[in-house]
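Dear colleague,

Please find below the structure that I am handing over to you, with my notes after it.

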Amino acid sequence: MRTPHTTSALALTIALATLASGCTQSNADERAEEPSPTTTTQAPQEQPARTARIAVTHDEGVTYLDATTLDVIGSTPATGFVRLNPAGDNRHLFLTTQGGFELLDTGTYGQAHGDHAHYYTQNPDTTGVVRSAEKPGHVVVHDGYTALFDDGTGRVDVYETSAITEDPIRTWQAPHAHHGVAIARADGSLIVTVGTEEERTGVAIIDEADNTIAETDQCPGVHGEAAAANGRIVVGCQDGIVIIDGDTITKVDAPDTYGRIGNQAGTHTSPIVLGDYKTDPDAELERPTRISLTNTDTAELTLVDLPSSYSFRSLERDDDGNALVLGTDGNLHIIDPVTATITASVPVTQPWEEPTEWQQPRPTVRYLDGMAYVTDPATKRIVAVDTVDATIWKETTLDITPNEISGVTGAAPTTHDHEGHDHN
């Protein structure tokens, strides 16, 4: 079984590189005493390797756990319904609140130092940084940038991911406010959704001078995004999906007149994107039993039948590119995206039914640093699954009912990072 996090081969390599670098203990102590990018109640403590942490929302706020031990290490109080999104720098999370996007410090981070890095932990805490938004929506990390979309105004703010506590480097204003998404790319362009509060119709590519260089209106109900291999981006539609490759936009039609792909999960290691698939436009709550796999190399869409339904928080990818789907039958289904077949099903919860209100807790999966973490609100558990061995690695029971889940690796910030996101 693969051992995650701090005992990885990467950690050993880093430790050896540190010894070879000639960094003395006194120098390390001086670095540990340097102020952190954000202020917390505990001085940073240097660690021998990076420390991954996960965070779960609940009725009283956010609770943080060590991703290896599953020990609770802190909490942040919050009122009302809140959502979590990675900020992209392997340290911070955005807490979506009524006032905007509030930046949380998970208290684990790395600092690059030549050919190696140094790692620190401290208590998780708030940062005091709130990115104001009338109606905060999607947070997308891609190509070293983090884009925040304000559904209430249509404003997009773009940040350097490695400097997420600093001011935005670009702001773009959509012609009309809508429930949208924006993806910033390394060439300075923006991929943005097109629509109004009443109707979403397509996708556009905006250059550095805010000129539209490509656009399609053939994506009704546009929603969700994911990145695939070779720099491609996909965005879902009510009748299929669009692939953005450079400045080219390609529509892939669904096999049904109404075939909605609203949530996607991608990885830079695979050209195939996992998506949901719904076919009933009149359903108050459709419980689909098929998922979509879109090959961005060939622009082909494949549907896969599952033994159960799933929810919009059920889709993930692992490090090997496998598609992960958390079914209402209580199993985490592991799917080979190339053969479009289920290779293993790991029992993680009792059978469950998706609640009518999308804000209500339901089993949720999030893959982080070698493990798939599953929440089980019915039993207040967090279950860690090794998707290589298809076994439960570890689990714990909390004193709160978990809702959403996210996490950070604690690695030094990188300039190319992207995670698919679940959105209703």
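The notes below cover the disulfide, some salt bridges and a charged patch.

Please bear in mind that this is a predicted model, in which local features need pLDDT of at least 70 and side-chain atom pairs count only at pLDDT 80 or more, while totals for chains, interfaces and linings use all residues. Residues are numbered from 1 along each chain as its sequence is written, and side-chain values use heavy atoms, with hydrogens and water left out.

A search of the whole structure gives one disulfide (a pair of cysteine sulfur atoms within 2.5 Å), which joins Cys-219 to Cys-237 with an S to S distance of 2.0 Å. Cys-219 is buried at a relative accessible area of 0%, and Cys-237 is buried at 1% (buried means under 20% relative accessible area, exposed over 50% and partly exposed in between, with a 1.4 Å probe and protein chains only).

Arg-83, Glu-404 and Arg-313 are linked in a network of salt bridges. Asp-376 and Arg-381 form another salt bridge, with their closest N and O atoms 3.0 Å apart, and both are buried.

On the surface, Glu-134, Glu-197, Glu-198 and Glu-199 gather in a patch of negative charge (residues with over 30% relative accessible area and no salt bridge, like charges being joined within 9 Å and nonpolar side chains within 5 Å). Glu-197 counts as exposed, at 63% relative accessibility.

How values were computed: Accessible areas come from the Shrake-Rupley method with a 1.4 Å probe; for residues, only the protein chains shown count as cover. A salt bridge is a side-chain nitrogen of Lys or Arg within 4 Å of a carboxyl oxygen of Asp or Glu. Lys and Arg count as positive and Asp and Glu as negative; His and the chain ends are not counted. The place of a charge is taken as NZ of Lys, CZ of Arg, CG of Asp or CD of Glu.
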